[in-house]
Amino acid sequence: MSQDSVRVEKAALHTATPQSSLAAVMGSGVGRNLGLVVALIVLCVVGVATAGDNFASVDNLLTILRLASVIGVVSIGMTFVITAGHIDLSVGAIAALASVWCTTLATQTMAEDIHWIVMVGTALLVGVACGLVNGLLVAYGGIVSFIATLAMLASARGLAEIIADRRTQIVKVDGFADFFRADLIGIPMLVWMFALVSVIGWVLLNRTTFGRRTVAVGGNPEAARLAGINVRRHTVMIFGLVGLCCGIAAVMITARTTTGSSTHGTLWELDAIAAVVIGGTLLSGGRGTIVGTVLGVLIFTTLSNVFVQNDLSSSAQAVAKGLIIVVAVLLQQRLAGRSSHTT
Amino acid sequence: MSQDSVRVEKAALHTATPQSSLAAVMGSGVGRNLGLVVALIVLCVVGVATAGDNFASVDNLLTILRLASVIGVVSIGMTFVITAGHIDLSVGAIAALASVWCTTLATQTMAEDIHWIVMVGTALLVGVACGLVNGLLVAYGGIVSFIATLAMLASARGLAEIIADRRTQIVKVDGFADFFRADLIGIPMLVWMFALVSVIGWVLLNRTTFGRRTVAVGGNPEAARLAGINVRRHTVMIFGLVGLCCGIAAVMITARTTTGSSTHGTLWELDAIAAVVIGGTLLSGGRGTIVGTVLGVLIFTTLSNVFVQNDLSSSAQAVAKGLIIVVAVLLQQRLAGRSSHTT
Amino acid sequence: MTDRPLLRMSGIVKEFPGVRALGGVDLDVRAGEVHCLLGQNGAGKSTLIKVLAGAHQPDEGTIVWDGEEISLGSPMAAIKAGIATIYQELDLVPHLSVAENVFLGHELSRGGLTQRQRTNNIVRDLLARLGHAEISPNRLVGDLSPAGQQVVSMARALSHDTRLLVLDEPSAVLDQGEVDNLFRVIRGLTAEGVAIVYISHRLEEIRAIGDRITVLKDGVTVATGLPVEETPTSRLIQLMTGRSIEYVFPERSAEQRDRGAPVLEVRGLAHAGVFRDVDLTVHAGEIVGLAGLVGAGRSEILETVYGARRASAGTVAVDGKPLRRGSVDRAVRAGIGLAPEERKSQGLLLDEAVFKNVTVSSMSRFARFGFLDRGAEQREAEALTTSLDVRPTGVTRAVRTLSGGNQQKIVLARWLMRECRVLLLDEPTRGVDVGARSEIYQLVRSLADRGVAVVVVSSEIEEVLGLADRVLVVREGAVVHESAATAIDEATVLDLVMEGKVPA
Amino acid sequence: ACTSNEPEDSGDNETTASTVSSNDDTGDTVTIGFSGPAADHGWLAAINSSAQEAAEKYDDIELKFAEGTNDPSAQIAQVETFINDGVDAIVLLPTDGAALTETAIQAMEAGIPVINVDREFSSPFAARTTVLGDNYGMGVSAGTYACGLIEDNDISDPVIAEIAGIDALPLTQDRSQGFADALEACDQEVDRRVAAEFTVESGEEVAANLLQAEDKIDIIWNHDDDQGVGVKAAFDAAERDEFAFIGGAGSCNAMDWIEAGEMEATVIYPPTQAADGIKLARLIAQGKGLSDLVQVEVPKRVVLNAPVVSADNVAEYRDLCFDS
Ligand SMILES: Nc1ncnc2c1ncn2[C@@H]1O[C@H](COP(=O)(O)OP(=O)(O)OP(=O)(O)O)[C@@H](O)[C@H]1O
Ligand SMILES: Nc1ncnc2c1ncn2[C@@H]1O[C@H](COP(=O)(O)OP(=O)(O)OP(=O)(O)O)[C@@H](O)[C@H]1O
Ligand SMILES: O[C@@H]1[C@@H](O)[C@H](O)OC[C@H]1O
Ligand SMILES: [Mg+2]
Ligand SMILES: [Mg+2]
């Protein structure tokens, strides 16, 4: 019988044709990302063609990266929450609240005395706290994430306005700007932060039990629960994580603008979701890609950079943006082999 | 054996206990809507308690209804698209484009000559055309609806700006304002339109082949395909339908403000999705309720009215709005019996 | 029954990325016959019938329908031709009613408005004809049990003018009584000249209902048109698997007869409206079987023991330590595992790799400080799936691309991977082929021998009696009988599940 | 001429050429970068078009027009891009003055003059020249006018309502503050305040609700005339006109209404300041001064007056209005 079963296994080796295994690779992560990379390259080619050296300069690339950094960090967080089958509309509002809170601290009378680390700590804390509230509302309150985070969006922004009295608060604490606006080996601190968050995000999603659970919870919550995963607790943690990213982004936007303001982060939710989705993360959950998200963010920021380089009117730019998005996605799909769309 | 099978059938009579059948009713449409109705009533009680006759007057109620009408019509369309498992971010932009297009027509030289019906026709046509483009991109281009309609959002608004040259175009065509700003049996025309669209929407979703298929496409696209439904064509039609609603909404907002403007409809997408989701339509598709959507719209509109009646600052309004949404949803869930959330 | 084939498929080839699912299949079916399609898990049966249903487009091959070559470019084309299909994975729309599902795609309407009354009446008749008049046409399909959904699918097939009805493992979700009922319906149809293609892994069913047999192996036809009466079971097994398998239950070993300490103790467990007063003690090394009809509440008992449903009364203890109600992760940590009944909705992460599905409940074993050792995960998953004969091999393949029976094996593998104290198995061999079936029996027994306490729910009475040491009969949410498996026979169990008592 | 607040001088771009200056003669070609908020309401749309039209008038201006955005981070990137590209001057209407200050300073340090329009930076080193309307002054003008109305018509215990613009913008706060301060001078205060979003649609909505909250109103000040189109539509729909309606910005629609007696007055806050910004940027980049002034250089700060236009003087201001 053991001899028999060996034969059976051989027979089961349904030899893959070279052609179809290529298609398999293309249809998988690599393929999708390849499409994004090509879209990005095409954009860069357009940039060079229309703006030449102005576009291709190191300075300009750093400008693009700096812009990508803040929304990038938020998008990494958003990748987790979407992969887990939820959505977070409150990211921008949370960042606004965190920026206002930490700068209020820093503009109060005793301002001179506090170390900028305290500011940073405050921002992260506010971010995490808001995220946890979202998580509790979703996981234990049973409120759909769209609604729960919409409520958070309204409340957090309102609260930020009240705290800041609708004024923009300029950061006066010394070390803060010095530290976060500095360069390290020629690369801006913000870009380092984005890189770090991306790498940690990638490891977390692809190499840890946390990431594995996130995918499971998003792919089939009932199956995840029956497999012994504490889905509720995990959901709370994921929202806490995206809150943490918002806190980091708050620090970054505060450094970038040297201000805390209740208007920071307006519509970041849309930008972040767009970057995540164009990156290939499934809006319905269960599949997430950090590399795709990073590429998605870069595509959108490069796009707006290319637009600054020419003199299209703002309206014409909007029209062009729409068309380019469509073309980029179509291109990406053709490259990713047959579309995984199943209608 | 026939005796056996009789016994089998009896045993299979999955008897639902009275308790669980009550839960079933509560968990179904009626129960969810009951929760919304209670939330709305509570809001009204608060309105009367805080603003008395000013709130309870017929004029005020008509004002609330009139304000609810435009976003209401958009939300009815959005209900279909979400039920079908998609999303449409471009509703506001399409309405802006349609409003601008039809008023441009009406402000051109030959303006005096055209009948307002032509304006209306133009708006509807523009709406439907944009919707169909969305549908084609999603169904045949295989682009996720979030991205396809995001692209449409950018392009349509840009185009609207170009056409209107970013001016607010005041409607001068006679009959138009007369007709749409008039009352009929004491009820504003806009409210009639909303009512009509709601009723048609309800019938369409619950009593026609089209609605049946919409639910099927959203609930289990593969099953729908295997049942012989042309999922792609149906998807195109659904986006066309929401486009039509945007066209109608464009006519309404043009009448309400007496203008066409590329800034009309800003963030309608969020308002509409919020109303639809709070109404009980599943964001993931497969279940939709028109009555819930109408209630959702009324809740949000009443909320703003109550706020103004109480002279709340806009920041306080935002905070309160967030809290009220959470409380309303929790309330609604308790009323709808055990939550259908399964983590 | 005429000899002219109604359907002739020849040389059908279908490739998926990385897999040649069909490598040239022939099938011919005559009007009025029940044509059985046999083959191991992954042999290509479902793929073949999807080609026939217009759901897959073949890469090569021809289909001749009623004497003419046709191309089935879409499901609609097949339906129009008179081919109705009941898929292995029930494909219904959960938020539509029974009646709406039955007429989905060919709604009865006048001027675009659906005719609810007329639809309901027709559906009511169809359901009655199927022996299930108690199912209301207005009920949401999502609220029905899998067996109920199966009936809806049947009603849908009958709502068309069907000349060929394809049933892909319809009996998997049915108990014996329901299967008899199904056969009654099938006989009625064949008498009217409808052809049936019937897929099942239960060979006794083939004997009971089949006329001719086609056997697939690894995507090719190895035998076709075998008359049922003249083909011995051993020959069929030989054809399907290439080897001969003795279809027997493993020997109950000596030591477990003097049972070990009680591991799982359930006292007075109840779930309002579903079951009540369940006492259950399972000792180390013991296999306890729960027999009963579909809908008797056995799945709910397992799920409640597991904490997936919150008990309304009663206690569950493992090794003497009581569990918190309604907490699955506590139960898992205490050493309980559940292989749920509905693999697709409750068990699997369909888009994830095989190995991730296998290790999901034992991740901590592969993790250090939360970081997973993927190499180790894949190695161990590979070893386990190979021992279960999962095909095709390769643990990085998405579970979705596996055949139904192989998916079931993955669910089992998950709990074999985690060394449980208590294993709850709900229909563990549903959709599993004969070869793998005896391997699963073997595995369950050897787990028990290693001291695991096992509870098995199965709708096949033979399986319960053959595998378990002790049998509990559940009827309408209550345990009506308990005895050693050897002390009771099939007929008695049948009487108990039907009547709740043995007729005098 | 551009700095003058007299309508006959600064209203129409054509009038600038009427002086003896050779400023309009084609000079060295200069590249000017323009960046402003998203044109999500009429006034900002007018800002955009006035900037673009001004640039098109000159052969020696090459305009780089960045996509309008409300995200300071994105706007910072736009300015950085201008710096990288080495433009000759930058005209900046910041989404938030304070948030763009550091970046503007960077541009200045890189030797690129920055012309700040409408929303002010928080540091004097951030701009070579600042052109802005007087938001606080706008509120004061409206409030003072309201006080006058109350006195003239001898209204006792008047109900005063305010329809603000986007509430989260500091400039809205300034306007409201000015309004409140001026009212306080005549012992009055705002009874009801609502905030819209500067758009027609939002104006209609909040005004409709506002009218329901008060049965009788005496004076309404609305911050923005484009939003005012919607506000007016709400008045008409409710058939209410018992109050004096005061506007802000000075759009042509508002002037029409004043002429027709449908509006009491409006306070000027012109979007043409963007055109002024472009013109000044050109002069600065070309090293020229303002020919009407004795000074050799363009001044550091230009604050537009916020005069009240009413039926009495609407004829004078008519040409100054902007299409919104
Ligand atoms: N969508 C798909 N993508 C890739 N491979 C697939 C896909 N569907 C089926 N296969 C592969 O095709 C082969 C045949 O599968 P099929 O489902 O037809 O088997 P089956 O005979 O029905 O088995 P079972 O008895 O387990 O249901 C298997 O190897 C399976 O993994
Ligand atoms: N969500 C639910 N709400 C109310 N009743 C339910 C629910 N789920 C199941 N039931 C009822 O519980 C009883 C037992 O269900 P179930 O079909 O799972 O039993 P079973 O003995 O496990 O049968 P099977 O052989 O199908 O597994 C049935 O009467 C069923 O209708
Ligand atoms: O955007 C604002 C505009 O609408 C208002 O009228 O004036 C100031 C501007 O910043
Ligand atoms: Mg199969
Ligand atoms: Mg069961």
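Let's start at ligand 2, which has 15 residues around it, the closest being C:Gly295, C:Gly297, C:Arg298, C:Ser299 and C:Glu341. To be counted here, a residue needs a heavy atom within 4 Å of the molecule. Keep in mind that this is a predicted model, where local features need pLDDT of at least 70, side-chain atom pairs count only at pLDDT 80 or more, and totals for chains, interfaces and linings use all residues. As for bookkeeping, residues are numbered from 1 along each chain as its sequence is written, chains are lettered from A and ligands numbered from 1 in the order in which they are written, and side-chain values use heavy atoms, with hydrogens and water left out.

Which chains supply the residues around ligand 2? They come from chains B and C, so the site is shared between chains.

Now look at the oxygen atoms of ligand 2. A polar side-chain atom of C:Arg298 sits 2.3 Å from one oxygen atom of the ligand. On its own, ligand 2 has 630 Å² of accessible area, and the protein covers 74% of it. (Accessible areas come from the Shrake-Rupley method with a 1.4 Å probe; for residues, only the protein chains shown count as cover.) Sorted by class, the shell around ligand 2 holds four nonpolar, six polar and five charged residues. In this sorting, Ala, Val, Leu, Ile, Met, Phe, Trp, Tyr, Cys and Pro are nonpolar, Asp, Glu, Lys and Arg are charged, and the others, Gly among them, are polar.

Stay with chain C for a moment. Its domain assignment gives domain 1 (5–241) and domain 2 (264–349 + 422–499), with bounds that come from an automatic or database domain assignment. The C-alpha centres of these two domains of chain C are 31 Å apart. Where they meet, 19 residues of domain 1 are in contact with 17 residues of domain 2, contact meaning heavy atoms within 4.5 Å.

One residue of chain C to pick out is C:Glu33, in the loop between strand E2 (19–30) and strand E3 (34–38). (Helices, H or I with at least four residues, and strands, E with at least two, are DSSP runs numbered from the N terminus.) Is C:Glu33 buried or exposed? Its relative accessibility is 0%, so C:Glu33 counts as buried; the cut-offs are under 20% relative accessible area for buried, over 50% for exposed and partly exposed in between, with a 1.4 Å probe and protein chains only. The side chain of C:Glu33 also makes a polar contact with the side chain of C:Arg212 (2.8 Å). A polar contact is a pair of N or O atoms within 3.5 Å; within protein, one must be able to donate a hydrogen and the other to accept it, and residues adjacent in sequence count only if both atoms are side-chain atoms.

Next, hop over to ligand 3 in chain D, whose surroundings include D:His41, D:Trp43, D:Leu171 and D:Tyr269. An N or O atom in the side chain of D:Asp118 is 2.5 Å from an oxygen atom of ligand 3, and the side chain of D:Asp224 has such an atom 2.5 Å from a ligand oxygen as well. Taken alone, ligand 3 exposes 270 Å², and the protein buries 100% of that.
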